[in-house]
4 protein chains.
Amino acid sequence: MVKLAVIGYGYWGPNIVRNFSGHHDCEVVAVCDKNPAALARVLGRHPGVRVMTDPDDIVTDPEIDAVAIVTPVSYHFELAKKALENGKHVFVEKPFTATSAQAEELIELAERQNLQIMVDHTFLFTGAVRKIKQLIDDGALGPLYYYDSTRVNLGLFQHDVNVLWDLAPHDLSIMDYLIGLEPELVVATGGAHVNNLENVAYLTVYFPNNVLAHINVNWLSPVKVRTTLVGGQKKMLVWNDLDPAEKLRVYDKGAEVRTEQGVHQALVSYRTGDMWAPKIEELEALQVETRYFLDCIQSGTKPFNDGEAGLRVVRILEAAEQSLAQHKEIVLA
Amino acid sequence: MVKLAVIGYGYWGPNIVRNFSGHHDCEVVAVCDKNPAALARVLGRHPGVRVMTDPDDIVTDPEIDAVAIVTPVSYHFELAKKALENGKHVFVEKPFTATSAQAEELIELAERQNLQIMVDHTFLFTGAVRKIKQLIDDGALGPLYYYDSTRVNLGLFQHDVNVLWDLAPHDLSIMDYLIGLEPELVVATGGAHVNNLENVAYLTVYFPNNVLAHINVNWLSPVKVRTTLVGGQKKMLVWNDLDPAEKLRVYDKGAEVRTEQGVHQALVSYRTGDMWAPKIEELEALQVETRYFLDCIQSGTKPFNDGEAGLRVVRILEAAEQSLAQHKEIVLA
Amino acid sequence: MVKLAVIGYGYWGPNIVRNFSGHHDCEVVAVCDKNPAALARVLGRHPGVRVMTDPDDIVTDPEIDAVAIVTPVSYHFELAKKALENGKHVFVEKPFTATSAQAEELIELAERQNLQIMVDHTFLFTGAVRKIKQLIDDGALGPLYYYDSTRVNLGLFQHDVNVLWDLAPHDLSIMDYLIGLEPELVVATGGAHVNNLENVAYLTVYFPNNVLAHINVNWLSPVKVRTTLVGGQKKMLVWNDLDPAEKLRVYDKGAEVRTEQGVHQALVSYRTGDMWAPKIEELEALQVETRYFLDCIQSGTKPFNDGEAGLRVVRILEAAEQSLAQHKEIVLA
Amino acid sequence: MVKLAVIGYGYWGPNIVRNFSGHHDCEVVAVCDKNPAALARVLGRHPGVRVMTDPDDIVTDPEIDAVAIVTPVSYHFELAKKALENGKHVFVEKPFTATSAQAEELIELAERQNLQIMVDHTFLFTGAVRKIKQLIDDGALGPLYYYDSTRVNLGLFQHDVNVLWDLAPHDLSIMDYLIGLEPELVVATGGAHVNNLENVAYLTVYFPNNVLAHINVNWLSPVKVRTTLVGGQKKMLVWNDLDPAEKLRVYDKGAEVRTEQGVHQALVSYRTGDMWAPKIEELEALQVETRYFLDCIQSGTKPFNDGEAGLRVVRILEAAEQSLAQHKEIVLA
């Protein structure tokens, strides 16, 4: 039985508590939030759970095995550090930390303490992403060409981070998982129209083997779009996360260079065949992920969405932030 | 009666010939193409027209008042120059020229000769773009925030230019028309997966007043998308050019910073109201544009899609090309 | 404070309990279900509520003011009758009863006892239907021409009623509410492919003033459709209940007969203008409806979705059933 | 070389002339229309063709082998009869004739004269319908359950026939082709809102083996819909003729009755699997059909869309008309 405590019961915290509570080998023993109204909601839904406003009561409690940190990113480092120092496994929201230095320190600390860190890259546990991963690993798409994601809608503006830190971690963690390569270059552009935080940003990531990724995030779009195109040499796919019926469509389409005998110029030939929408598993992603966290703790296995995975995402965000600042300077000059 | 000749009868040429022929005050007297099969098609559809394979026969013919140049971009400069030197008005395909220096030379030459240049930025004459322009000019959208266009599909790969020079001129000319400001910075990224020409590219253009434009062009997309989002302070719109019924949707949506008395932190408030799809005029854009060319010639008025407009587009393409090359170098290093 | 009890805690019951519990002037004092697992779920969510397996404990309890009957239709009559006889107001699921005779008896009984009956025609309380009603009442659509609804998807097959009794009551109650006329003729066709209950049915209802309604219900459709067209002389609308963003689209379109001087033949002329998607209120329909039930009880007002409204729907279902049986006979002959 | 003449050059005639002209073994020698402007258009596009206003000049011309009749239905019988009497093969627009008696007479006449009749059921030659036919014949869908088509949009009102005779022949010919059974019962409902011709109609056709077809046709819909659902025991499909990319989607979905040991009640179990959009051939249907007509003439083979096929469609239209009239009477009473 894993005894788990949750820090933060705002927008996402209730889902964390509900899912961990649902596993037979986990007990959510305490929930912390500085907002008393949030704690009242906890008690309404989970009568037996201890509630408190000071996270120190959790991170120092010897009874607790693992802590889920579901707060704004600015608190992640401090809370995770104390939890690890006190011998607790850590489940932490995305983005992992506010800086890569913080992420590196936590990773080293967990290593020393022989504890697990899992970063909540929830999308990696959706049926759609798992199916895409399988198609790539099976070679169905052929060598990858590009990953192109659009994640836009109206609001919600965050108070402490721009749209890049808010929305892009989803795509960066998926991209990292699917492509599995170290980025070579990050180029970001964007604009801040409502306050001083960017509400629209565009991010290009160059990978080895000529793989290209692009992410379009926007808090000020009149329509909601959650669409990702993945292009490969053999097949290409469209993942529309808003489609209730067929989230994934795989197209037997492509272009190839063909050199014909006696023709000097290389020709591009096209292939268009059937489209296929594989059935996607409909389990709640967070249920699968929290199950996996408990399994990793109990078996001592490092999860694939560990601190390193979280660090890789933070590094790209830092690079993007730098690129964005550079362009801003040039424009303002 | 304007006597007009057309050079180039490939993919787009037939539309040019058909539309100019349809105006009562214009006669298409000659069509030139180096491909005899194309000329046979001309004769099948327009029995009275003279056909030829050498464009010199056109640009030097004193009977001809105006020349439409519908060839690959590499021929634009030479043909337009000869036509202008021989006293002919020029209607030329997008992109105007292969370099800004060429564009400048042609503009100066036309000025000296008192002749008109019109660059075929066809989209500016569609009902959708004209309606968007009107909404912006009327202040319905409020101050502009961003212009974000996606123009992707499978093929056709061009042999001489990359996807940026092929597809982006559409968006650049629309963006230039709608925004009406000089760009401050151009950032481009992209990749070449099939041959050595980029088949996917992303272009950000920074404008004064915090206006941002982004263009996503791709020859290797499994699905066809032609969607542009335009965000303003008061309203936002989506132009889906593939929607047969409602191409334009205007959303009464937005976000504003609100400072409440006694509240230290500025709050972002949201507005979501009705959506409205104005009826769009359905005239063929090229019919309106060719009519306008004839009117400009006859009245001696400079068109708004003149050589200068073409030059502005070519300058952004050049800047984008440079930016793309820079990123490529960094990645390859 | 209205003391309310709920009979039936299967698929829909939990929503009924949750919504009535949410009103300050209502207390859900008891829930009855013959399934102990359902009662365990009640206690998990609503610790203070009394639970039981025998509905007689509810309908005879003098403490209880009102009863919500959320069982299969075959139990409605008996339970509602006992409840009314024992002086309780009744909130009953659609369809109201299994026969019009039952409905008439209940109406008379409630009248005599001075009690209210509300039939749970939930859709009448959605933002979409209320907006359509308003558009019709304001004359925006002009005189009505037709109401054409498609409500199809895969499953769930009911064990006791066919697709007509299961799905059509939604449309029949909406149609009754919007059109407000007595039907003149009901024609139904359909088929049973999986067992002996019709899984696909088509229903036409002729109204006075040349108003026509048609309902297409199907349990064996590969795709889910919830789309209704309402045609009026002045405007027409499409209500797509599955569209998360714009459920209602109003089209300024129509056709009119025009008689021109000197023209013998009457001509039909067309009008196509803007489309407009009004913002729809997003309150949960059942919250509005349960609030309304409490208000009706306390003020002694007869609700518009009273027993009579329920009876009108049952009468059409009976007529449809007859028509269906007739056609079946002819086919089998 | 088949020498063919075309009577009628209105909306559809130009497509007929263009397609027959495109075949190497066919010469369109004459076109007849009573409107001189139409004949001028013929000459503009097909300089060598003889034009005339009197169809008798065609049907009596011994040089002509075959006649395409592309007029309103009221002229079909008379023109086809004369053409057959004069030894000409006949290609005739849908619906074949105004009455089944006329159709029978023409069929008999053609038989006697050893001539071919082909009724222009163009949709049977589209890639989509041919693919559906193949899926049914291969048993991929399993035994058929239903065919459910919606064909609605705004206008064009016909002057001589109602929406049933105008639009339903498309679906009736497709249904006849796919199902291949004799109808057992036809039930039609509908309404006339603008003039005295029905502008909206609903048609149910009962077939043997429990196969059901339904057709929804409407001239007064604010949106254009061309969607057909075909349900089978093993698979179900949706044909959306307006989807430019994937017209056909095949769903591995279904419901089956399952009887479990020890369970008294039969249970319905569901199956939901992948969706698959087969690539559809994109040849112009009329090109394939006109090619087939020429082949049938030359080989003396009876086409599958012969007079009998046309007659079957007319018979259903007659039955539907009767059913419609019956319901109208009941309502008016």
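Two strands count as paired here if DSSP finds at least two bridges between them, and strands themselves are DSSP E runs of at least two residues, with helices being H or I runs of at least four, all numbered from the N terminus. Hi everyone, with that settled, let me show you around. This is a predicted model, where local features need pLDDT of at least 70 and side-chain atom pairs count only at pLDDT 80 or more, while totals for chains, interfaces and linings use all residues. Residues are numbered from 1 along each chain as its sequence is written, and chains are lettered from A, with ligands numbered from 1, in the order in which they are written.

Let's start with the sheet in chain C. Six strands form an open sheet with parallel pairing, in the order β3-β2-β1-β4-β5-β6. At the edges stand β3 (50-52) and β6 (117-120) of chain C, each with a single partner strand, so one side of each has no neighbour in the sheet. From one strand to the next, the twist averages 20°; angles here run from 0 to 180 degrees between N-to-C directions, with axes fitted to C-alpha atoms, for helices over the stretch in contact.

Now zoom in on one pair. Strands β4 (residues 66-69) and β5 (residues 89-93) of chain C are joined in the parallel sense by four bridges, and Ile69(C) sits opposite Val92(C) in β5(C).

Which helices lie across these strands? Helix α4 (residues 76-85) of chain C lies across β1 (2-7), β4 and β5, at about 170° to β5(C). Helix α8 (residues 285-299) of chain C lies across β1, β2 (26-32), β4, β5 and β6, at about 170° to β6(C). Contact means that C-beta atoms, placed from the backbone, lie within 7 Å.

On to chain A, where an automatic or database assignment gives domain 1 (2-115) and domain 2 (124-285 + 316-332). Their centres, taken over C-alpha atoms, are 31 Å apart. Seven residues of domain 1 touch seven of domain 2, and the domain 1 side divides into three nonpolar, three polar and one charged. For those classes, Ala, Val, Leu, Ile, Met, Phe, Trp, Tyr, Cys and Pro are nonpolar, Asp, Glu, Lys and Arg are charged, and the others, Gly among them, are polar.

Finally, how many residues of chain B are in contact with chain A? There are 43, meeting 43 residues of chain A. Strand β11 (residues 220-232) of chain B gives the most to the chain B side, with six residues. That side divides into 26 nonpolar, 14 polar and three charged.

Definitions and conventions: Two residues are in contact if their C-beta atoms, placed from the backbone, lie within 7 Å.
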